[in-house]
Protein chains: 2
Amino acid sequence: MQEIDFMNRAISIAHENVVTNNGGPFGAIVVKDGKVIGVGRNEVTRTYDPTAHAEVQAIREACKFLGSFQLTDCEIYTSCEPCPMCIGAIYWARPKAVYYACTKSEAAKIGFDDQFIYEQLDLPIEKRSIKMKQICPTNYDHPFETWKNSTSRVDY
Amino acid sequence: MQEIDFMNRAISIAHENVVTNNGGPFGAIVVKDGKVIGVGRNEVTRTYDPTAHAEVQAIREACKFLGSFQLTDCEIYTSCEPCPMCIGAIYWARPKAVYYACTKSEAAKIGFDDQFIYEQLDLPIEKRSIKMKQICPTNYDHPFETWKNSTSRVDY
C-alpha cells in the first residue's frame, strides 16, 4: 500500500464514523513497515471521553500492539490536521511522520475550532479562560524527590 | 474537604505511583460538589500508553462517572502543572478550574520537559521536528460534508 491508500483508509474510517453516529468526522491509523498496527476513530460522544480523538485512539492501540510507549519508525495517517491535544500526544509517542488530509481551517468551518486552544496555550497561565492556579501544600514536591531517588524507575 | 486537602490527595497519588513503579510521579483528581469523581495517575510505562498522563486518566474516569463528555462545574487538582497535551484535554473537557502544585520548570529539572512541545506547537507545521505533511486524495473532505448534512449527529 502507498501513502494515498493509507490516507484513504483514514478518511473512510472518518466517514464511517459519522454514518454510525460514533462521534466526530475523524479517523486515523498508525502504520509500521507498511502495515496498519493501530486504528482510531473519534469516540468523544459515544464513550463520554473528551480525549478520545482519532489520533489518541490510534496511538493507544498501536502502542499496545507494539508493547511500547513509543511509536518509533511509525507513521500516523489522520483524516484531519491534529488538534493541540493530539499534537502533544504525538510528541510524547514520537512517530517518524504524520500525514493529514483536511486542515484545521476546514475543521473550524464545521465547528471544530482548535484555534482557541492554540491561543490559550500561548497565554500566561493566569490569563487563561479556565482558571489555573498553583496551590503548594507542605512537601508538594515529595513525589519528584522520590522519583529522583528511585533506583527502579522506568524513565521515559 | 478543602482545596489543600484535595491537593494533598493528588500529591499522595503521585507519590504512591513512584513507589509502586506504575509510571511517572504525577497524580490528579477531579472534584465536583466537594466530592472526588475521578482519580488518575501516570500510567505511561506500565500500560504502554503515552497518553496515560494523570490528568487525562482522571478526566476520562470522571466523564465516565458523569455520563458526559464535559466536566461542567468540576475542578481538577493535579500534582504538577499540565503538559500541552493535558491542557488540550482540559480545554476539550471544560472544567471550571485547574489547581496544580509543582510547576513545569520543576518537572523539567527531573527530566519531564514540556517546553519542547510548546515550542513545536508554535512552529509552522512544515518546520516541526516530526515531519507533518498534507496528503489530499480525491474527496478527502467527504467526512466533513457528511457531518454537515447529518441530521442525527451529536455536536460537541
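Guide: Before we start: contact here means heavy atoms within 4.5 Å. Keep in mind, too, that this is a predicted model.

Visitor: Got it. How many residues does the contact take from chain B and from chain A?

Guide: Chain B puts in 91 residues, and chain A puts in 91 residues.

Visitor: And how much area do chain B and chain A bury between them?

Guide: About 8300 Å², with 70% of it on carbon and sulfur atoms. On the chain B side, the residues that lose the most area to chain A are Tyr91(B), Trp92(B) and Phe144(B). Together those three make up 11% of what that side buries.

Visitor: Okay, and why say the copies meet through the same surface?

Guide: Because 100% of the interface residues of chain B are also interface residues in chain A.

Visitor: Can we zoom in on one residue? Where is Thr146(B)?

Guide: Thr146(B) sits in helix α7 of chain B, which covers residues 142–149.

Visitor: What does Thr146(B) touch, leaving out residues up to four places away in sequence?

Guide: Its partners are His15(A), Val18(A) and Val19(A). With His15(A) there is a polar contact, side chain to side chain, at 2.8 Å.

Visitor: Which residues lie nearest the centre of the largest one?

Guide: Phe26(B), His53(B), Glu81(B), Cys83(B) and Asp114(B), out of a lining of 16 residues. Helix α3 (54–66) and strand β3 (74–80) of chain B each supply at least two residues of that lining.

Visitor: How does the lining of the largest cavity divide into nonpolar, polar and charged?

Guide: There are 10 nonpolar residues, three polar and three charged.

Visitor: And the second largest cavity, which residues line it nearest the centre?

Guide: For that one, Phe26(A), His53(A), Glu81(A), Cys83(A) and Asp114(A) lie nearest the centre, and the lining has 14 residues. By class, the lining has nine nonpolar, two polar and three charged residues.

Visitor: Last bit, the fold. How many helices and strands does chain A have?

Guide: Chain A has seven helices and five strands. Reading from the N terminus, the order is α-β-β-α-α-β-α-β-α-α-β-α.

Visitor: What box do the C-alpha atoms of chain A fill?

Guide: Roughly 55 × 40 × 25 Å, taken along the principal axes.

Key: Residues are numbered from 1 along each chain as its sequence is written. Chains are lettered from A and ligands numbered from 1 in the order in which they are written. This is a predicted model: local features need pLDDT of at least 70, side-chain atom pairs count only at pLDDT 80 or more; totals for chains, interfaces and linings use all residues. Side-chain values use heavy atoms; hydrogens and water are left out. On a 1 Å grid over the protein atoms alone, a cavity is a set of points where a 1.4 Å probe fits but cannot get out, and a pocket is an open set with protein on both sides within 12 Å along at least five of seven lines; lining residues have an atom within 4 Å of a point. Helices (H or I, at least four residues) and strands (E, at least two) are DSSP runs, numbered from the N terminus. Ala, Val, Leu, Ile, Met, Phe, Trp, Tyr, Cys and Pro count as nonpolar, Asp, Glu, Lys and Arg as charged, and the others, Gly among them, as polar. A polar contact is a pair of N or O atoms within 3.5 Å; within protein, one must be able to donate a hydrogen and the other to accept it, and residues adjacent in sequence count only if both atoms are side-chain atoms. Buried area is the accessible area (1.4 Å probe) that two parts lose on being put together, summed over both.
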